[in-house]
Amino acid sequence: MRLLLVEDDFPLAAVIAEALEDSGYIVDVAHDGEAGWYQATEQEYSVILLDYMLPKLDGIQLCQRIRANGFTVPILMLTARDTSTDKIMGLDAGADDYLIKPVDLPELLARIRAALRRGQVVPTTILSWGELQLHPANHEVTYAHQPINLTPKEFSLLELFLRSGLRVLSRRVIISNLWDLEDPPGEETVKAHIKGLRQKLTAAGAPAALIQTVRGVGYRLQSLV
């Protein structure tokens with residue numbers, strides 16, 4: 001499993017990363033909030049470990065941005081600030097857990113294992129992206145409260161985009177998620193479904209670039225920031 005550690009204290013980051021790697025995790029390290037944001041959008045992580053005080057973009061702002069852009073990855077905040085107000089701010093920003101420095105490594109590993117268990121639960125809440133809402137339970141989609149009638153494959157495609165946040169999805173990844181691998185369609189089929197989905201979203205008032213083409217790579221949702 002791959003973890004992202006965003007920590008501006010270089011020696012502490014090295015110690016934590018080494019302990020995590022010794023426990024079998026793959027660890028990417030970023031030393032400021034903007035670098036952490038870039039990593040979070042470019043790579044899929046099982047858990048993000050996020051320092052409260054960071055340069056360029058602090059932990060609260062980074063956590064809020066991650067959640068605002070649809071990422072559901074578990075977030076564990078690490079901080080020397082142990083007041084109730086700070087804890088509330090972190091949790092309200094979208095963090096799943098909170099650990100006070102100095103970090104006790106066995107406790108940190110236990111918190112990560114707990115976050116991974118919680119992350120395995122399939123979310124049943126409404127998926128949203130700006131004014132776009134998708135209801136997994138009853139297969140309804142709306143934009144600005146206007147219903148959008150999608151085919152089952154278009155619905156699954158949109159749900160995949162919403163669960164992936166800003167992550168770029170190649171046609172091959174889309175096919176592996178939405179079709180039987182024993183009889184996969186051609187990539188032109190994916191293009192046709194995306195074209196149909198775009199047309200229906202645009203007709204409902206969504207931005208024309210809501211689903212963006214990343215030339216030579218795949219597709220992603222338009223950033224809300």
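User: Hi! How do helix 6 and helix 8 pack, in terms of angle and axis distance?

Analyst: Hi! In this predicted model, helix 6 packs with helix 8 (residues 187-203) at an angle of about 85 degrees, and their axes are 10 Å apart. Helix 6 is therefore roughly perpendicular to helix 8.

User: Nice. Which residues of helix 6 and helix 8 make the contact?

Analyst: On the helix 6 side they are Lys153, Glu154, Leu157, Leu158 and Phe161. Helix 8 brings His193, Ile194, Gly196, Leu197 and Lys200.

User: And how many of those are nonpolar, polar or charged?

Analyst: The contact of helix 6 with helix 8 has five nonpolar, two polar and three charged residues.

User: How many bridges join strand 7 to strand 8?

Analyst: Four bridges link strand 7, residues 132-135, with strand 8, residues 140-143. As one detail of the pairing, His135 stands opposite Glu140 in strand 8.

User: Leu132 is in that stretch. What is Leu132 in contact with?

Analyst: Beyond its neighbours within four places in sequence, Leu132 contacts Leu127, Val141, Thr142, Tyr143, Ile148, Leu158, Leu162, Leu201 and Leu210.

User: Switching to the core: how many residues are in the largest nonpolar core, and which have the most contacts inside it?

Analyst: The largest nonpolar core has 52 residues, and Leu132 is among those with the most contacts inside it, together with Ile48, Leu50, Ile66, Phe161 and Ile174. Helix 6 supplies the largest share of this core, six residues. Another core lies apart from it, with 19 residues including Leu20, Leu99, Ala115 and Leu116.

User: Last one, Thr79. Where is the place of Thr79, and is Thr79 buried or exposed?

Analyst: Thr79 belongs to strand 4, residues 75-79. Thr79 counts as buried because its relative accessibility is 1%, and the cut-off for buried is under 20%.

User: And what does Thr79 touch?

Analyst: Setting aside residues up to four places away in sequence, Thr79 touches Asp51, Tyr52, Tyr98, Leu99, Ile100 and Lys101. One of these, Leu99, is also in the core of 19 residues.

Methods
Residues numbered from 1 in each chain as written. Predicted model: local features only at pLDDT ≥ 70, side-chain atom pairs only at ≥ 80, totals over all residues. Heavy atoms only, no water. Pairing = 2+ DSSP bridges. Helix = DSSP H or I, 4+ residues; strand = E, 2+ residues; numbered from the N terminus. Buried < 20%, exposed > 50% of the residue type's maximum accessible area, 1.4 Å probe, protein only. Contact = heavy atoms within 4.5 Å. Axes fitted to C-alpha atoms, helices over the stretch in contact; angles between N-to-C directions. Parallel < 35°, antiparallel > 145°, perpendicular 65-115°, else oblique. Nonpolar A, V, L, I, M, F, W, Y, C, P; charged D, E, K, R; others polar. Core = buried A, V, L, I, M, F, W, Y, C linked by side-chain atoms within 4.5 Å.
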